[in-house]
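Work through the exercises below with the structure in view. Each task is followed by a solution in steps.

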Amino acid sequence: MKIALFSAEKQHHLGVVRGDQIVSLTAIDPETYPPCIKTFIERGNTFPSLEGQLSFSLDSVEIDVPIASPEKIICVGLNYIDHCHETGMEPPKSPVIFSKYANALTGHQTAVEIPVNSSEVDFEAELAIVIGKEAKRVSEEEAEEYVFGYTIMNDVSARDLQFADGQWSRGKTADTFAPTGPYVVTRDEIGNPHNLAISLTLNGETMQDSNTSNLIFNIPQIVSFLSQSMTLRPGDLIATGTPPGVGMGRSPKVWLKDGDQMDVTIEKIGTLSNYVQG
């Protein structure tokens, strides 16, 4: 299933996308299906029959950020070899981990704000894992059982702040620096997450164009690795790294500016669109 949070007629809904329509689960039963994907995952809810239920045209609704308050937003850096090369860094021997915070989350068709203290803001298209159940010390063989589904994240980064500090937190987690969505697609519908086309366009020009088959560390490796030291919980987000083509790796470098339009597309999920403000 492809699920989303959306607003229509001044009300919030949890919905299932079917073609160009979105069916409201909340309208079926607001107690069982409140407008919260994290709650849906935590409760282990099943999907009801969608036939004849209240639906809206996707063009008529506002898609909200899918999970607004995850316990954790974990990111994997340097997880495509070509991206390592363009940044001048050696491919890592184990996953490079950093965090973003909930203040960075924003949704589809919202503004990414350039901080007043940065002039080198960059884009990073990423496949993100949505954890489905508590995972602690799980093996690689069982790790995918703990994945609920997948979504898109744009790991926006202020490079001047990122590299000034000796660690990445300030440059990675400014307000609006984690656009996410528009949908969460369940694991069964994705099938193989390691063969998905992933791309980013900036003002209509393709900047990143790759495939998740090029990940250095795959989904089971990432989930298992993290679970050895921290308990993953339902609704946690894990961004899996970005392919080559980011602005800092270009000559001349390309930094985001006011009015820019970013569109991240991942096969079987959709397109996450955001504009730049600053």
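**Exercise 1.** Is Phe-40 buried or exposed?

Solution. The model is a predicted one. Step one: take the relative accessible area of Phe-40, which is 3%. Step two: compare this with the cut-off, since buried means under 20%. Phe-40 is therefore buried.

**Exercise 2.** Classify the ring pair of Phe-40 and Phe-47, and state how Phe-47 stands in accessibility.

Solution. Step one: the ring centres of Phe-40 and Phe-47 are 5.0 Å apart, and a pair needs centres within 6.5 Å. Step two: the planes meet at 45°; under 30 degrees would count as stacked and over 60 as edge-to-face. The pair is therefore tilted. Step three: Phe-47 has 27% relative accessibility, so this residue counts as partly exposed.

**Exercise 3.** Describe the pair that Phe-40 forms with Phe-148, and find which parts of the chain the pair ties together.

Solution. Step one: the centres of Phe-40 and Phe-148 lie 6.3 Å apart, with 75° between the planes, and the pair is edge-to-face. Step two: Phe-40 belongs to helix H1 (residues 37-43), while Phe-148 belongs to strand E12 (residues 147-154), so the pair joins parts that are 108 residues apart in sequence. Step three: both Phe-40 and Phe-148 are buried.

**Exercise 4.** Locate Val-138 and list what it touches.

Solution. Step one: Val-138 sits in the loop between strand E11 (125-131) and E12. Step two: its relative accessible area is 2%, so Val-138 is buried. Step three: leaving out residues up to four places away in sequence, Val-138 touches Ala-143, Tyr-146, Val-223, Ser-224, Ser-227 and Gln-228. Step four: for Pro-48, 90 residues from Val-138 in sequence, the C-alpha to C-alpha distance is 31 Å.

**Exercise 5.** How compact is the chain, and what does it contain?

Solution. Step one: the chain has six helices and 19 strands. Step two: its radius of gyration is 18 Å, close to the 19 Å from the globule rule for 278 residues, so the chain is as compact as a globular protein of that length. Step three: buried residues make up 56% of the 278. Step four: of the contacts with a separation of 6 or more, 74% are between residues 24 or more positions apart.

Definitions and conventions. Residues numbered from 1 in each chain as written. Predicted model: local features only at pLDDT ≥ 70, side-chain atom pairs only at ≥ 80, totals over all residues. Heavy atoms only, no water. Helix = DSSP H or I, 4+ residues; strand = E, 2+ residues; numbered from the N terminus. Rg over C-alpha atoms; globule rule 2.2 N^0.38 Å. Buried < 20%, exposed > 50% of the residue type's maximum accessible area, 1.4 Å probe, protein only. Contact = heavy atoms within 4.5 Å. Phe/Tyr/Trp six-rings, centres within 6.5 Å; stacked < 30°, edge-to-face > 60°.
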